Amino acid sequence: MTDSKYFTTTKKGEIFELKAELNSDKKEKKKEAVKKVIASMTVGKDVSALFPDVVNCMQTDNLELKKLVYLYLMNYAKSQPDMAIMAVNTFVKDCEDPNPLIRALAVRTMGCIRVDKITEYLCEPLRKCLKDEDPYVRKTAAVCVAKLHDINAQLVEDQGFLDTLKDLISDSNPMVVANAVAALSEIAESHPSSNLLDLNPQSINKLLTALNECTEWGQIFILDCLANYTPKDDREAQSICERVTPRLSHANSAVVLSAVKVLMKFMEMLSKDLDYYGTLLKKLAPPLVTLLSAEPELQYVALRNINLIVQKRPEILKHEMKVFFVKYNDPIYVKLEKLDIMIRLASQANIAQVLAELKEYATEVDVDFVRKAVRAIGRCAIKVEQSAERCVSTLLDLIQTKVNYVVQEAIVVIKDIFRKYPNKYESVIATLCENLDSLDEPEARAAMIWIVGEYAERIDNADELLESFLEGFHDESTQVQLQLLTAIVKLFLKKPTETQELVQQVLSLATQDSDNPDLRDRGYIYWRLLSTDPVAAKEVVLAEKPLISEETDLIEPTLLDELICYIGTLASVYHKPPSAFVEGGRGVVHKSLPPRTASSESAESPETAPTGAPPGEQPDVIPAQGDLLGDLLNLDLGPPVSGPPLATSSVQMGAVDLLGGGLDSLIGGTNFVAPPTAAVPANLGAPIGSGLNDLFDLTSGVGTLSGSYVAPKAVGSISMDLQLTNKALQVMTDFAIQFNRNSFGLAPAAPLQVHAPLSPNQTVEISLPLSTVGSVMKMEPLNNLQVAVKNNIDVFYFSTLYPLHILFVEDGKMDRQMFLATWKDIPNENEAQFQIRDCPLNAEAASSKLQSSNIFTVAKRNVEGQDMLYQSLKLTNGIWVLAELRIQPGNPSCTLSLKCRAPEVSQHVYQAYETILKN
């Protein structure tokens, strides 16, 4: 008899009977009783009162009975934690049982009992099982570590289980390797910053060896792990691809997609000139095609992934168009996805075939599918220019069918064809106008109105057509109202005499009778344009329109690269990164494709945006230097002093020079044009350009490039120390200061406080607090700061260079894994090397000295007698700089290597290092 009899009993008072049976001396009776308990538990009865009696049954050699008791334990341990401790001794004993199945069962159950009190007792048995001689026990123990880490991460780290897991990657049994990789990946996902899977060529080799022999799920874990590895060069990438390629012929579609993900990722590093690259492209097509012969749900997942692959590398499937032709019995979701891929693969070579197929689809019965097919014809016309004429005639044939929704879709796509090929197919407008009355969808009505407005001069009764739409203006959707407003204004500008009433009517409807802000604003803009300057209105409204691009629905390149790294996961089906749909975003790491190596066809140009900055910290890009004057001369700080006009219209920037070396050499001899109202004070005989040094002596503690070192006054604060000496013959008052836009947005954080009037020959010292939230513009050199000081006599301009270390922030310490990943991620051409001479410091002294200026040591090691310091620093605008400082004991010179996404800062960081170390 089967076990179903245990579920049929509904007796009252059975708890007492069960208690008696559980304590029976007969083994068979005990086993029957435990089965009844489990059956009651399964149907939702509370049998927790029997906990001590069931736990007593653990002391048995019968494997079936043991499994049942463990099942009961897992269920009730959480609600009875104090009782569960009773079972610990049995776990410890079972973990040393001669039967490996019992040892594995014990360790598996230990991992499922989520009770804090018990976990510490389980560490010793788990440690033994991780080193067990039987691979079945080791693989079970590996998964148990991941479960234990979820309950108490700190305990797992303290007990050294993570190191044991890492050792299991080198295990001789492939299933143990796969489970160790799965456990480490699981733990790493919940702690993205910890680089647990520290992969190197040796460990990758072990994983690839295990890949051939483990189960399909083991293969998926290993392939996913490989996908997170970045090979050091294209040769290593090719070698991994060669060993992963056989997985493409696996029967399990998940293994195939995981292999495709690895290959797609590593192909980034292969040069397109390699013979192997072409071979790999050919090998990728058949497995993807095979996926399409599975059941519809699997087909859909495969098609969503193929959609991404085709956008990244269309050449893989360019000869496989036929497999994407729709079958009559495909579900609608598969049909629509296939249609999308057909358009992506359409080219001059296969367009005739595609169009014949699409025309067939447009006569189907499924409305959604027909609409998409008609749109697809329009997209083909825009994508393949040679086919445009054929597409337009196909669309006209479809319009002749007079099927309402087909006509409407055709009009929407013909509008786009007009945008792509102006003055080519306008002869079809008459046919379109015949179908005006049948349009009832907002998009189609808006498209038709756009066509009438755009080509009003070719349509004799354009005003009548637009007027017919105007009758129900308030019942139209916003899209149609906006389009109608623009079309009537276009018509008025083309035929002003006949349509004056019409335009006034639409403007009054849009501005006075509408409560939609977009519509009202557009109406007012047109009204004002037409009433103030009709010529300007014509230039704005009838301006030449840019041609539309062929693919408007392509996924944005950086997102596409990220999604390629998630092939075979939910992200590839949603076409969204995991951060967009994973609740709370825990453990979501942004992935990106590896950079192309130097040997592949083109290294990424330095102009492209940085991709691998630490999460949440995108470095600011310093805008290029435009107008040198910026807003410096617009110092609107008070009325100008009147006096005779200046003899010359420009004030030389070299007027006051902090460095004493002539400022022109510093800023390339740029003249600052003075405001026309500026004037020479009456009591000064010399024009200002002849040397304001005599009048107003400025010296600044910021411009210290002569080797002296200014330590920051307080951590995190930046200030500029000024010494002002009055060399004029009258008292100076009403001081104000302004900085020109500069590379790092330095700006005064408070007004310039000169508390008492400055008498002739008097000197005052001021400390001006600075912030870094001002306007940004790239200066030459980068650390150049142009300053204007104004008082009751005049405005004085000077320029100074500031040392970059004043901009190093306190949170500039990167963790080791992030440092390593970022160092690898930054292109080698961004690395700069410098020699720091006469610096007799040892590594410890150098490290502490640099730390006081916010240059942090991330790691230190000794290589062949040289001390290597790996350091990171962060600038106020979020730019990270990574450094390697090599110090040879006994040698007064040390070597500094710097890597940064903005290489122009490297020279200035080196100068900061030199200044700090030599102070």
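I began with Thr394, which is buried at a relative accessible area of 7%. I note here that the model is a predicted one. Thr394 sits in helix H22, residues 388-400. Leaving aside residues up to four places away in sequence, I found that Thr394 touches Lys359 and Ile377.

**Entry: H22 against H23**

I next looked up how H22 packs with H23. The two axes come within 9 Å and cross at roughly 155°. Angles over 145 degrees count as roughly antiparallel, so I list H22 and H23 as roughly antiparallel to each other. I recorded the crossing of H22 and H23 as left-handed. From H22, the residues that take part are Val392, Leu395, Leu398 and Ile399. In H23 they meet Val406, Val407, Ala410, Val413, Ile414 and Ile417.

**Entry: whole chain**

I then took the totals. The chain has 919 residues, and 50% of them count as buried. I listed 36 helices and 15 strands. For contacts between residues at least 6 apart in sequence, 69% join residues at least 24 apart.

**Entry: nonpolar cores**

Which residues touch the most other members of the largest nonpolar core? I found Tyr72, Leu126 and Phe418, in a core of 214 residues. I followed up Phe418 and, not counting residues up to four places away in sequence, listed Tyr425, Glu426, Val428, Ile429, Leu432, Trp450, Ile451 and Tyr455 as touching it. There is also a second, separate core of 56 residues, and I noted Phe739, Leu758, Ile766 and Ile793 among its members. As background, nonpolar side chains tend to be buried together in soluble globular proteins.

Leu758 lies in the loop between strand E7 (747-748) and strand E8 (763-771). Is Leu758 buried or exposed? Its relative accessible area is 1%, and under 20% counts as buried, so I marked Leu758 as buried. With residues up to four places away in sequence set aside, Leu758 touches Leu724, Asn726, Gln730, Val731, Met732, Phe735, Thr763 and Val764. For Leu758 and Leu724, which are 34 residues apart along the chain, I noted a C-alpha separation of 8.8 Å.

**Entry: salt bridges**

A search of the whole structure gave me 28 salt bridges. As a reminder, side chains of opposite charge can pair when their charged atoms come close.

I looked at Arg375 and its partners. The side chains of Arg375 and Glu409 form a salt bridge at 2.5 Å, N to O. This pair links distant parts of the chain, with Arg375 in helix H21 (residues 367-383) and Glu409 in helix H23 (residues 404-420), 34 residues apart. Glu409 is buried, with a relative accessible area of 6%. Arg375 is partly exposed, at 28%.

Arg375 also meets Glu443 in a salt bridge, at 2.9 Å, N to O. That pair too links distant parts of the chain, H21 for Arg375 and helix H25 (residues 442-454) for Glu443, 68 residues apart. I have Glu443 as partly exposed, with a relative accessible area of 36%. Which residues are linked in a network of salt bridges? I wrote down Arg371, Arg375, Glu409, Glu441 and Glu443.

I also checked Lys860 and Glu844, whose side chains meet in a salt bridge at 2.9 Å, N to O. Lys860 is in strand E12 (residues 856-863) and Glu844 in helix H35 (residues 843-851), 16 residues apart, so I logged a pair linking distant parts of the chain. Lys860 is partly exposed at 42% relative accessible area, while Glu844 counts as exposed at 53% relative accessibility.

**Entry: backbone**

I looked for cis peptide bonds and noted one joining Glu780 and Pro781, with omega about -5°. Pro781 is in the loop between E8 and strand E9 (784-790).

I then checked positive phi in residues other than glycine. His575 has phi near 60°. His575 is in the loop between helix H32 (570-574) and strand E1 (650-652), and it is buried, with a relative accessible area of 15%. Glu864 has a positive phi of about 50° and is not a glycine. I placed Glu864 in the loop between E12 and strand E13 (866-874). At 79% relative accessibility, Glu864 counts as exposed.

Note on methods. Residues numbered from 1 in each chain as written. Predicted model: local features only at pLDDT ≥ 70, side-chain atom pairs only at ≥ 80, totals over all residues. Heavy atoms only, no water. Helix = DSSP H or I, 4+ residues; strand = E, 2+ residues; numbered from the N terminus. Buried < 20%, exposed > 50% of the residue type's maximum accessible area, 1.4 Å probe, protein only. Contact = heavy atoms within 4.5 Å. Core = buried A, V, L, I, M, F, W, Y, C linked by side-chain atoms within 4.5 Å. Salt bridge = Lys/Arg side-chain N within 4 Å of Asp/Glu carboxyl O. Axes fitted to C-alpha atoms, helices over the stretch in contact; angles between N-to-C directions. Parallel < 35°, antiparallel > 145°, perpendicular 65-115°, else oblique. Left-handed = near helix turned anticlockwise from the far one by under 90°.
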